Amino acid sequence: MATSRKVTLLSSDGESFEVEQSVAVESITIKDSIEEGSAGNPIPVPKVNSKILAKVIEYCKKHVESAKAEDRVDDEDLVAWDADFVKVDQATLFDLIRAANFLNIKSLLDLTCQTVADMIKGKTPEEKRKTFTIRNDFTPEEEEEVRRENQWAFE
Amino acid sequence: MHIKSIVHELREIRDRIKDIAGRKLERRHVHRQGRSHIVPETTVPTPSCPEAVQQGPWANLPPELLLHIIKRVEASQISWPSRRDIVACASICRSWREVTKEAVKTAEQCGRLTFPISLKQRGPRDFPIQCFIRRDTANSTFFLYLGLSPDLSEGTSKLLLAARKIRRALSTDFVISFIADDFSQAGTSYVGKLSRSNFIGTKFTVYDSQPPWDAAIQSNHKSHGRQNPKQVPPSVPSGKFSVATISYELNVLRSKGPRRMHCNIRSNPTSAIQEGGTAPTPTEFSRISVEPYLSPLPLPASNGKKQLNEHSSTSCKLLKSTHGAWDPLVLRNKTPRWHEQLQCWCLNFRGRVTMASVKNFQLVAALEPYQNIPTTEHDNVILQFGKIGKDIFTMDYLYPLSAFQAFAISLSSFGTKPACE
């Protein structure tokens, strides 16, 4: 049985996290840099702060453990666990998306993007703007086009 | 301290009540089946105070991540009314609009109708888009819905277009609009019209409110002598581009026999149905008011060659230079076969038409040997129209027709006079 190798990840705000290598390589970005030999020790993770990195590591740990488990019933539990995992405030969700993208963790990116997609559904444009605090920056011409489209779509 | 926390709690409760009330309204709004006009909040002009509205981090989400998210919304909101979520995504701000338009494929590519412009895009190649038309005889109005039939698509049908028959002194027009109660040809809801061009009701012309070119040609046109709408003289009839003609012929041999139909579709080349062929597809409405260089088409001759007038106008040159020799697509109705036992003319509508009517038809491409079209296309039904109930008709269309073209052609069936039935 191979001894589990550990690596240290360093968040953007200087906090260290020691994790199993099998967990760290859930991130293709980290996996590539380890394989290329350019990783360094500890491995710096520049765009991700400690709070978010801790969450990402928690996600990767859970998924690596589930993959090892032989019992297939755990799939449903994993889905439920994922659903709980993304019950966070918007700012954290936003940071998780960016972290998942930067670290190239496909399943986490899919999960977080799907969560946002679900938040978007069923809302009018004005409600969406409020939810995501986005300003309407259309020109009067564009606004007219948008108004026409919505009038047709909601007819 | 105690009182402050009570006041804080009361405020939270008040906010929650407001939220619940808002959500209830929203649910009612979402569940309405589009029978009444619901004009969403974007029509209320919001004062632009950029300083007042602080943007959250989502406004700066990288486009590729936003695309990832919106693609997921698009993939799950397949049918109406939930598909309006995608239109809502395109209504938030410029960056979201750009990304949403990128995420949504054309009607031809995905077989789904999303934006109003989808109605002017070619249908899918492999399967028809299935619609039905409801006729309101009292108001001379016709409504095109996306859906199998009123019964089968209860709650999920989507009103696509409406048309009103307007009788004038010398002609009859079917004005087609995006909005059910606005048939003004000057407004932004005007899509096009079908005009009956002879008294006995056997010849029709289809006019589009927009030039029937693709975006590449449009941008070419924009850069070569952009026309400022303000500079176009008022006498120029902008918004009137002839795109097709339809003619009916009485069956002179059998007075009770099926009539013959021919459609000459100038905005579609025959090459569109060749192996690997394509047809131009608009992805947005042109904002420029362009002088209509294209004159009404001549009536279809027996020979399919050289249907297009030899215009020297820039627009025609652009069309020809981009698409090579442009043979307009000619469609004819599939000849029904005589059923000896039933003593009637029959067509296989594959269950989509259930009542006999002289209005029922199937259109296939009318092809010449030189056009080099594979034989599989010769019998491919591009448009099918027929009666399923009193004032209810199904309409199924395929590439290379668009919903607008299919609807206009189907309306001609209502425009023919009893003399030719």
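These legends describe close-up views of a predicted model.

**View 1. Chain B as a whole.**
Chain B carries nine helices and 14 strands. Its length is 421 residues, and 50% of them count as buried. Take the contacts in chain B with a separation of 6 or more: 60% of these come from residues 24 or more positions apart.

**View 2. Helix α2 of chain B meets helix α4 of chain B.**
Helix α2 covers residues 63–76 of chain B, and helix α4 covers residues 94–103. Their axes come within 9 Å and cross at roughly 55 degrees. The two helices are therefore oblique to each other. α2(B) passes α4(B) in a right-handed crossing. On the α2(B) side, the contact is made by P63(B), L66(B), L67(B), I70(B), K71(B) and E74(B). On the α4(B) side stand S95(B), W96(B), V99(B), T100(B), E102(B) and A103(B). By class, the contact of α2(B) with α4(B) has seven nonpolar, two polar and three charged residues.

**View 3. Helix α6 of chain A meets helix α2 of chain B.**
From α6(A), the contact residues are L109(A), D110(A), C113(A), Q114(A), V116(A), A117(A) and I120(A). From α2(B), they are L65(B), H68(B), I69(B), R72(B) and V73(B). The contact of α6(A) with α2(B) divides into eight nonpolar, two polar and two charged residues.

**View 4. Helix α8 of chain A meets helix α4 of chain B.**
Helix α8, residues 140–153 of chain A, packs with α4(B) at an angle of about 55 degrees. The axes are 12 Å apart. The angle makes α8(A) oblique to α4(B). The crossing of α8(A) and α4(B) is left-handed. E142(A), E145(A), V146(A) and E149(A) of α8(A) touch this partner helix through R94(B), R97(B) and K101(B) of α4(B). Sorted by class, the contact of α8(A) with α4(B) has one nonpolar, no polar and six charged residues.

S410(B) sits in helix α9, which runs over residues 403–415 of chain B. Its relative accessibility is 0%, so S410(B) counts as buried. Leaving out residues up to four places away in sequence, S410(B) touches I133(B), F361(B), L383(B), F385(B) and M395(B).

**View 5. A107(B) in helix α5 of chain B.**
Helix α5 of chain B spans residues 107–110 and holds A107(B). With a relative accessibility of 0%, A107(B) counts as buried. A107(B) and A403(B) are 296 residues apart along the chain, yet their C-alpha atoms are separated by 9.6 Å. Beyond residues up to four places away in sequence, A107(B) touches R112(B), L113(B), S118(B), Q121(B), R122(B), G123(B) and P124(B).

The peptide bond from W80(B) to P81(B) is cis, with omega near 0 degrees. P81(B) belongs to the loop between α2 and α3 of chain B, where α3 covers residues 84–89. A cis peptide bond also joins Y399(B) and P400(B), with omega about 5 degrees. P400(B) lies in the loop between β14 (392–397) and α9 of chain B.

N104(A) is a residue other than glycine, and its phi is positive, near 60 degrees. N104(A) lies in the loop between α5 (90–103) and α6 of chain A. Its relative accessible area is 38%, so N104(A) is partly exposed. R350(B) is not a glycine either, and its phi is positive at about 55 degrees. R350(B) is placed in the loop between β11 (344–346) and β12 (361–365) of chain B. At 71% relative accessibility, R350(B) counts as exposed.

Conventions:
Residues are numbered from 1 along each chain as its sequence is written. Chains are lettered from A and ligands numbered from 1 in the order in which they are written. This is a predicted model: local features need pLDDT of at least 70, side-chain atom pairs count only at pLDDT 80 or more; totals for chains, interfaces and linings use all residues. Side-chain values use heavy atoms; hydrogens and water are left out. Helices (H or I, at least four residues) and strands (E, at least two) are DSSP runs, numbered from the N terminus. Buried means under 20% relative accessible area, exposed over 50%, partly exposed in between (1.4 Å probe, protein chains only). Contact means heavy atoms within 4.5 Å. Axes are lines fitted to C-alpha atoms, for helices over the stretch in contact, and angles run from 0 to 180 degrees between N-to-C directions. Angles under 35 degrees count as roughly parallel, over 145 as roughly antiparallel, 65 to 115 as roughly perpendicular and the rest as oblique. A crossing is left-handed if the near helix is turned anticlockwise from the far one by less than a right angle, and right-handed if clockwise. Ala, Val, Leu, Ile, Met, Phe, Trp, Tyr, Cys and Pro count as nonpolar, Asp, Glu, Lys and Arg as charged, and the others, Gly among them, as polar.
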